Amino acid sequence: MKSIRNSLYLGLTAISLSFASSVFAQQSPAPRPPMDQAKMMEKMKTGMEKHHSMMHDKLKITAEQEGAWKTFIEATKPAMMERGEKMRADRKAMEGLSTPARMEKMLEHSKERLAHMQKNLDALKTFYAVLTPEQQKIFDDSHQRMRHRMQRGMKHRMQERMQGSAHERMEK
């Protein structure tokens, strides 16, 4: 009697473990293949152009403000679009450097990014000054919502990476 009960428990345990592992396997997202760098940059550029067009319409930029708008858009292009190839070459070069030399290179890149951010801030202040108070409110509200969407997107991407790396560890 005990051996039948033990066999029954053992069988039920095996079935439930098998069911749980199949459910877990179905819930784990398959890792996405890495996106081609050029394709990613093109997608980013297209998204930014769409955003700029939407903001231009939303702000109802006047003919007098058009020059400031174009200057602002040109000045705030992401550094990655300008330096994409240089950054990839720098990463390769950094692999062979000593730790102190690599740290100096990282500090140099940080200073470049900081200078780019200052350039963006200067362009933003110049453009913001030509906006009416109503346009400033629209601009502020739009960028506040955009910041929240970006944070949610970053959180989602981090979760995907964490799940992907956990999935990869389980496969090994």
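## Helix α5

The buried residues of helix α5 are H109, H116, A123 and F127; buried means a relative accessible area under 20%, exposed means over 50%, and partly exposed lies in between, with a 1.4 Å probe and protein chains only. Helices here are DSSP runs of H or I with at least four residues, strands are runs of E with at least two, and both are numbered from the N terminus. Helix α5 has 32 residues, and the distance from its first C-alpha to its last is 47 Å, close to the 46 Å expected at 1.5 Å a residue. The expected span is 1.5 Å times one less than the number of residues.

L121 is also found in helix α5. With a relative accessible area of 34%, L121 is partly exposed. L121 and F72 are 49 residues apart in sequence, and their C-alpha atoms are 9.8 Å apart in space.

## Model and confidence

This is a predicted model, in which local features need pLDDT of at least 70 and side-chain atom pairs count only at pLDDT 80 or more, while totals for chains, interfaces and linings use all residues. Residues are numbered from 1 along each chain as its sequence is written, and side-chain values use heavy atoms, with hydrogens and water left out.

The chain averages a pLDDT of 76, and 58% of the residues score at least 70; pLDDT is the predictor's confidence in each residue, from 0 to 100. Where pLDDT is low, the predicted coordinates should not be read in detail.

## Helix α2 and the residue that follows

Helix α2 covers residues 37-59; at 1.5 Å a residue its 23 residues should span 33 Å, and its end C-alpha atoms are 32 Å apart, which agrees. Within α2, the residues M41, H52, M55 and L59 are buried.

Just after α2 comes K60, with a positive phi of about 55°, a positive value in a residue other than glycine. K60 lies in the loop between α2 and α3. Its relative accessible area is 62%, so K60 is exposed.

## The nonpolar core

Which residues make up the largest nonpolar core? This core has 12 residues: M55, L59, I61, A68, W69, F72, I73, A75, A123, F127, L131 and F139. A nonpolar core is a set of buried Ala, Val, Leu, Ile, Met, Phe, Trp, Tyr and Cys residues joined through side-chain atoms within 4.5 Å. Helices α2, α3 and α5 (99-130) each supply at least two residues of this core, and the largest share, five residues, comes from α3.

Leaving aside its neighbours within four places in sequence, W69 is in contact (heavy atoms within 4.5 Å) with H52, M55, H56, L59, I61 and F127.

## Aromatic pairs

Six aromatic pairs are found in a search of the whole structure. Rings of Phe, Tyr and Trp (its six-membered ring) pair if their centres lie within 6.5 Å; planes under 30 degrees apart count as stacked, over 60 as edge-to-face and the rest as tilted. F72 and F127 form a stacked pair, at 4.8 Å centre to centre with 10° between the planes. This pair links distant parts of the chain, with F72 in helix α3 and F127 in helix α5, 55 residues apart. F72 counts as buried at 9% relative accessibility, and F127 counts as buried at 1%.

The rings of F72 and F139 have their centres 6.1 Å apart and their planes at 65°, so this pair is edge-to-face. Because F72 lies in helix α3 and F139 in helix α6 (residues 133-171), the pair ties together parts that are 67 residues apart in sequence. F139 is buried, as is F72. Ring pairs link W69, F72, F127, Y128 and F139 into a cluster.

## Salt bridges

A search of the whole structure finds two salt bridges, each defined as a side-chain nitrogen of Lys or Arg within 4 Å of a carboxyl oxygen of Asp or Glu. In one, E74 pairs with K77, the closest N and O atoms being 3.3 Å apart. E74 is partly exposed, with a relative accessible area of 46%, and K77 counts as partly exposed at 33%.

In the other, D141 pairs with K137, and the closest N and O atoms are 3.2 Å apart. Both residues lie in helix α6, four residues apart, about one turn of the helix. D141 is partly exposed, with a relative accessible area of 33%, whereas K137 counts as exposed at 51%.
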